[in-house]
Amino acid sequence: MKVVVVGSGVAGLLAAVKASRQHQVTLITKDVLGESNTHYAQGGIAAVTATDDSIAEHVADTIYAGAGLCWEPAVQALCEQGPHSLNELIRFGVDFDRAEAAAAAEHGTEYALGLEAAHSHARILHVGGDATGAGISNALVTTLRRSNVTVLEHTLVTDLILENHKVAGVSVFSSDGLQDIPAEVVILASGGAGQLYRHTTNPAVTTGDGVAIALRAGAVLADLEFYQFHPTALAVPGSFLISEAVRGEGAVLINNRGERFMQRVHPMAELAPRDVVARAIQQEMLAQGGEPVMLDATGLGAEFLKQRFPGISAACRTYGLNLGKQPIPVTPAAHYWMGGVATDVYGRSSIPGLFAVGEVACNGSHGANRLASNSLLESLVFADRATDVLDQPWPNEFEFARFHDQPPMRELEIDLGYDSNSPVVDRVELQTIMWDNVGLAREDLDLRQARNNFKAWRPQKRSLRLFTDFEDANLLDLAKAVTSAALARTESRGAHYRLDFPETNPNYARPITVRKA
């Protein structure tokens, strides 16, 4: 069977390696192999390895962070299979940091464990202190290069090819122009869409291509309104991520008067769920004229910070900042998309032959607000589960069990049409509108204005498109979809906050689905 894997983060790399054992696999990535959100992940990967921790507690923490929208079977699969997937990474050569003898004896694990927001236990494994993503990515790239997977770099998947409403391949664009690649199965592992926003911790490749091509092909999407903003990006051009693990070790947030403010916001203070911390920072910034707040890690000691967070310490130095000797300026930035292609617990979508795993997918495991360091875990677990069922017949009448348990509160149909006489979409302006109107705090008038702005643009004519024009077309489709979903959810929940509907409505603890009209 011919299988195409789209994306080379942890989900794509693992899916390609495992699928290649029995199938003919082509992996397509629009940059070099391994360039993805995975490579830049700092904090680590959450999994139960300690004897004083449990799967049940990991499940409970995930559901709590998900603000009432997690689908429990997906959470259960995520947390139960986590240790197995972790061991698989270790067999592929990932060398997780080891604990000192006293800590190992205390927690009953050989691994050094970090604590992050909304976790009840220290359960975050890391590599090289704060280079976890790179450690995992490099090991999987090495493994993949030893396999028989065909790799196409600097190649962009532009559309799915369907025959009789089933996957038949993909259309791609590269320096050789447009061409079609036949396949019986396509596994989307193309990551998120941080480039929808003016400020993001994501690399330039994150233009939501997989979600956009699935939307155009007619797939069901879900939870698009839930975009997580990481509370602490360095307030410099490029929004370099300052891992939550720094706060997990004891760093605190202070305003321009030198006062801690998270203690009066949430009982978990700096380790409250990400949406809570991000909005609290935004409020402090508004109160001090837009100035960033400060992250104070000086109490941890310069030597400890240099050893535990070598990458972050080095990045700070490039901007003339010393993490161990002075507080550093931080601000929220777009980080992770809980929404995406709706799937079952094996990554199967509503289109036969189309799988989605990792950030491109929405299986219900993250709910309205992802628990810190569950993203790498989700990519591993569901890539693993998808490859386990590649040979199984697609359900004749595909139904999402999640939507039986949580019937959608709205089923939106998005008009992707445009006036051919309209101006071509401007990426920078789109990102600015998304940041200002569809960002951390939203309200009806701003959302409607944003939607009208997006309707007034068109993508570049297909015959004239360069690489970035295809990306811009994807961003335009996704901006319309995210804004429409945000308008439809008239409550505040998790990462979705409405100024005009600030309360959480228990009757709305259900997904909103989206498909093209």
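Over which ring does the charged end of arginine 370 sit?

## Charges over rings

The charged end of arginine 370 lies over the ring of tyrosine 336, 4.2 Å from its centre. A charge counts as over a ring if NZ of Lys or CZ of Arg is within 6 Å of the ring centre and within 35 degrees of the ring normal. Arginine 385 places its charged end over the ring of tyrosine 346, 4.5 Å from the centre.

## Basis

This is a predicted model, in which local features need pLDDT of at least 70 and side-chain atom pairs count only at pLDDT 80 or more, while totals for chains, interfaces and linings use all residues. Residues are numbered from 1 along each chain as its sequence is written, and side-chain values use heavy atoms, with hydrogens and water left out.

## Aromatic pairs

The whole structure holds 11 aromatic pairs. Rings of Phe, Tyr and Trp (its six-membered ring) pair if their centres lie within 6.5 Å; planes under 30 degrees apart are stacked, over 60 edge-to-face and the rest tilted. Phenylalanine 355 and tryptophan 394 are edge-to-face because their ring centres are 5.1 Å apart and their planes at 80 degrees. Both residues are buried (under 20% relative accessible area, 1.4 Å probe, protein chains only).

## Nonpolar cores

A nonpolar core is a set of buried Ala, Val, Leu, Ile, Met, Phe, Trp, Tyr and Cys residues joined through side-chain atoms within 4.5 Å. The largest has 62 residues, of which Ile45, Phe96 and Ile187 touch the most other members. Apart from it lies another core of 61 residues, including Phe229 and Trp457.

Terms used:
Buried < 20%, exposed > 50% of the residue type's maximum accessible area, 1.4 Å probe, protein only.
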